[in-house]
Amino acid sequence: MPGFELFGDEERREVQQVLETGVLFRYGFDAARQGRWKARALEDEIKRLTGAAHCHVCSSGTAALAIALAACGIGAGDEVIVPPFTFIATIEAVLHAGAVPVFADIDDTLCLDPHAVERAIGSRTRAVLPVHMCGAMAHIDELQSLCDAHGLALIEDACQAFGATFRGRALGTFGRMGCFSFDAVKTITCGEGGAVVTDDTTFYKLADAYSDHGHDHVGTDRGREGHAILGTNYRISELNAAVGLAQVRKTGRILEVQRRHKRLLKKALAAVDGVTFRTLPDPEGDSATFLSFLLPDEDTARRAATRLAEAGVDGCFYWYDNNWHYLRKWDHLRGMQSAARLPQELLSGTPDYRRLVLAPSDALMGRTLSMLIKLTWTPEDLARRAQAMTAVLQDVTA
Ligand SMILES: *Cc1c(COP(=O)(O)O)cnc(C)c1O
């Protein structure tokens, strides 16, 4: 997921244009900015790319999640169904909304299992928040039907899946709202940035206002704008948006290279008995930022991770032992440790995360490794990598 591999003159030119006017703020200063609106232009590009009717860019993917939850009216005491395999930001966003994260198992897509979600629905459930992990999709059509049937808001965390599609339609556009991240290690990056997309004008207006202290952004005099709601500051700066604008135009090229590199490596690994792959509900739509593969058992997976690192195959993640992405190692969540005091209503309403065990998810994650697909690999790099990986994996599964 490395947009940073492609920084070049395009990014420099966009940033330079902002510095020339001196207008780093995304709103107002109409005369001084000489027609340069980077955040707006980035929103237009994202709308074109995803097919969403509306897009609002903001300061991060975490902010995008907070904005989407707020726009959907999710708050104190509401339950939101989440997966145990994600970046912790997903869970933090729910907690900071005053809502209760309720965990449901993942399936072999490595994303929320629709059956597990259905079992987790209770009288306080208000939303389902699937995460399209490692560049590819959940069974998003089934999750969408489930949310429709139960009257729940579907909010997609597509932070890791910008550019990915399911049956030709962009991930992030199946839910009431979809969230993207453009942080330093995502498919495209602008340093810090994110976006929410939606087809619904009402939710869009709420998102737009919430992220800028409730400003309704009607008219050209900022001092006289209406403020229908309270909000906060999740604005993106024009400098970050400028980098994002250059990057978003490279999305097609990034996807093409990632897919080609992934296809080659996957073919090599498929020849190893004992190696299987994550299920992709629509392989064509995979953004191919990662190659995720499964070993027969946890012990073999752990040995494979060690041996691959020793063989110089970098960029392989064994999430099960990593502190950031899987529930098993989230001791701070298990202890509900927050710098801010959490609302009483939340504490009384939360399940005891300390005792929470998700055996089906553990069984999958204990066997899974994911390798980051880089854009700058040469054909020789790819051949060497395929050979080294095949040798290690044949050996550990023998
Ligand atoms: C990166 C990421 C986020 C948060 O995005 P930031 O821009 O870093 O705040 C949220 N969810 C997932 C799944 C992510 O990978």
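This is a predicted model: local features need pLDDT of at least 70, side-chain atom pairs count only at pLDDT 80 or more; totals for chains, interfaces and linings use all residues.
Contact here means heavy atoms within 4.5 Å. On the helix 9 side, His261, Leu264, Leu265, Ala268 and Leu269 do the touching, and they meet Leu382, Arg385, Ala386, Met389, Thr390 and Leu393 of helix 14. Sorted by class, the residues of this contact come out as eight nonpolar, two polar and one charged. Helix 9 covers residues 251-270, and its axis sits 9 Å from that of helix 14, at an angle of about 30°. Angles under 35 degrees count as roughly parallel, so helix 9 is roughly parallel to helix 14. The crossing of helix 9 with helix 14 is right-handed.

Helix 14 (residues 379-397) also packs against helix 10 (residues 298-310), with the two axes coming within 10 Å and crossing at roughly 145°. This crossing of helix 10 and helix 14 is right-handed too. Helix 10 brings Thr300, Arg303, Ala304, Arg307 and Leu308 to the contact, while helix 14 brings Met389, Val392, Leu393, Asp395, Val396 and Thr397. The class tally for helix 10 with helix 14 is six nonpolar, two polar and three charged residues. Met389 and Leu393 of helix 14 turn up in both contacts, meeting helix 9 as well as helix 10.

Next comes the pairing of helix 3 and helix 7. Helix 3 runs over residues 61-71 and helix 7 over residues 201-210; their axes are 9 Å apart and the packing angle is about 125°. Helix 3 and helix 7 are therefore oblique to each other, and their crossing is right-handed. Ala66, Ile67, Ala70 and Ala71 of helix 3 make the contact with Phe203, Leu206, Ala207 and Tyr210 of helix 7. By class, that contact holds eight nonpolar residues, no polar ones and no charged ones.

For glycine 61, a polar backbone atom is 2.7 Å from an oxygen atom of the ligand. Threonine 62 works through its side chain instead, where an N or O atom is 2.5 Å from a ligand oxygen. Serine 181 likewise has an N or O atom in its side chain, 2.7 Å from an oxygen atom of the ligand.

Technical notes. Residues are numbered from 1 along each chain as its sequence is written. Side-chain values use heavy atoms; hydrogens and water are left out. Axes are lines fitted to C-alpha atoms, for helices over the stretch in contact, and angles run from 0 to 180 degrees between N-to-C directions. Helices (H or I, at least four residues) and strands (E, at least two) are DSSP runs, numbered from the N terminus. Angles under 35 degrees count as roughly parallel, over 145 as roughly antiparallel, 65 to 115 as roughly perpendicular and the rest as oblique. A crossing is left-handed if the near helix is turned anticlockwise from the far one by less than a right angle, and right-handed if clockwise. Ala, Val, Leu, Ile, Met, Phe, Trp, Tyr, Cys and Pro count as nonpolar, Asp, Glu, Lys and Arg as charged, and the others, Gly among them, as polar. A polar contact is a pair of N or O atoms within 3.5 Å; within protein, one must be able to donate a hydrogen and the other to accept it, and residues adjacent in sequence count only if both atoms are side-chain atoms.
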